[in-house]
Amino acid sequence: MKAKGKVFLIDDDELIVTMLSRVLKNEGYDVRGETAPRDVVNKIRSWSPNVVMLDINLPDKSGMDILQELKSEGMDTQIVMLTADDTAETAVKAMKLGAVDYLTKPLNLDKVKLVLKSTIEKGKLKKEVDYLRKVSGEFFDREIIGGSPEIEELKSKIEKLVEADISTILITGESGTGKELLARYIHRLLHGDGDSRCAPFIGVNCAALPEHLLESELFGYEKGAFTDAKSEKKGLFELAEEGTLLLDEIGDMKQDLQSKLLRVLEERSFRRIGGKEEIPVDVTLMATTNRDLSDAVEKGTFRLDLFYRLNTFALFIPPVRDRREDIMVLARHFLSYFSEKYNRHVIKDFSAGAEKLLLSYRWPGNVRELKNVIERIVVLERTEVITPEHLPKEISRAQEPAGSAAGGKFVLPEGGVSLEDMERDLIIQALEKTKHNKTLAAKLLNISYDSLRYHTKKYGLE
């Protein structure tokens, strides 16, 4: 059974430490106890407990001094003071120094349990809020918008993964398809509306940081581990405890770090940089990429064993052009959302001409591009109905009349064509040209390997 949290007890009364340790372990907590303050700050730093229960009156060094030392080092461990003095002055002083609560002796065990549970939940929420204030601020939807067969199949797979409580999931798809949105949706399903406020969702872009910085972000480091390590730092694996860690664009992760990640996935534990103690990992790990990882494996830039570990439970988000039934559902959703966001409720719908153009456009930027187009229209236009002239030029030119295309572009015949037949024929040609090498065929068609696999399955070409 998973521990509810890690609790470090410091009290000079050995009976209190023994009694509290037994009670809290029976409640499901991982507990360590000390009766002397000697070197206790280093022990706390090394173990990284959720809560320190700290007696004010200790031999050699007061609890207040230890409290100040812990807070001066920037440690985010929650501290509850234990005291026989129940005066308001003592409580106020402890709170000013950074304690989150205090308990008076003799201890009421029911109150101890309540305070401990509340303190751990507040600590987890604070970690998520602090981190998201630093890295987030974008709009994230809470649902998967769309009802196409492809999206319904995706939802069905997600339900099965959530039901099985799968802890490692790979999400692939072209840029702009909503991979992070899908990861957040799964996170909410895994942790539930009621508990998700205390279950952190933390993401990091593997392509945005150099290898050494990404490693310290993921695993943290001990004080003195390197020149600039002036205090210990928790990594994202610790900050995401009992929640979700999203590794965005994992295909760009360097191989040395890939091996360390594989070890975490296999052993569910890690060490901070410069650390000696194994720290258990209790997170759902999701990874996203718009790259063809199987191609990266062939080129030697991605580890085969890590690919197999991640690809066991993989979800592919089809591009918008392959699920056109969803385009207007998404467009109307964004119209409603941005009308509310900017308090501009002038626009009511799309004209038939505008709808036809939106449906015929290939959307290379996928959902992100569609969202940006609708946002721009809501902000800039003053019309009740969106017509073709309100759309960007690249969209309004998507259906130029026959004979107007030049420079090698396809000229639409007067009688029209079957888009699906054309798509199927092009895939067959690409496979024939490459002697059925799907990686090379995908490159010829300028689509991802996963997208080609999806299309060959769709048209029965496997």
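Me: Which residues of α2 are buried?
Reply: In this predicted model, the buried residues of helix α2 are Val40, Val41, Ile44, Arg45 and Trp47. Helix α2 itself covers residues 40-47.

Me: And what do those buried residues pack against?
Reply: They pack against the strands β1, β2 and β3, and also against helix α3.

Me: How does α2 run relative to β1?
Reply: Helix α2 lies across β1, β2 and β3, and its direction makes an angle of about 175° with β1.

Me: What comes just after α2?
Reply: Ser48 follows the helix, and this residue takes a positive phi of about 55°.

Me: Changing topic to β3: is that strand mostly covered or mostly open?
Reply: Strand β3, residues 51-55, is mostly covered, with 5 of its 5 residues buried.

Me: Which of its residues point which way?
Reply: Val51, Met53 and Asp55 point to one side of β3, while Val52 and Leu54 point to the other. Residues on both sides are buried.

Me: How many bridges join β1 to β3?
Reply: There are 4 bridges between β3 and strand β1 (residues 6-10), and the two strands run parallel. Within this pairing, Val7 has Val51 as its bridge partner, and Phe8 stands opposite Val52.

Me: What about β3 and β4, parallel or antiparallel?
Reply: They pair in the parallel sense, over 5 bridges, with β4 spanning residues 78-83.

Me: What actually holds paired strands together?
Reply: In general, the strands of a sheet pair through backbone hydrogen bonds, and the pairing may be parallel or antiparallel.

Me: What is the strand order of the whole sheet?
Reply: The order is β2-β1-β3-β4-β5, which gives an open sheet of 5 strands with parallel pairing.

Me: What does the twist average?
Reply: From one strand to the next, the twist averages 20°.

Conventions. Residues numbered from 1 in each chain as written. Predicted model: local features only at pLDDT ≥ 70, side-chain atom pairs only at ≥ 80, totals over all residues. Heavy atoms only, no water. Buried < 20%, exposed > 50% of the residue type's maximum accessible area, 1.4 Å probe, protein only. Pairing = 2+ DSSP bridges. Axes fitted to C-alpha atoms, helices over the stretch in contact; angles between N-to-C directions. Contact = heavy atoms within 4.5 Å.
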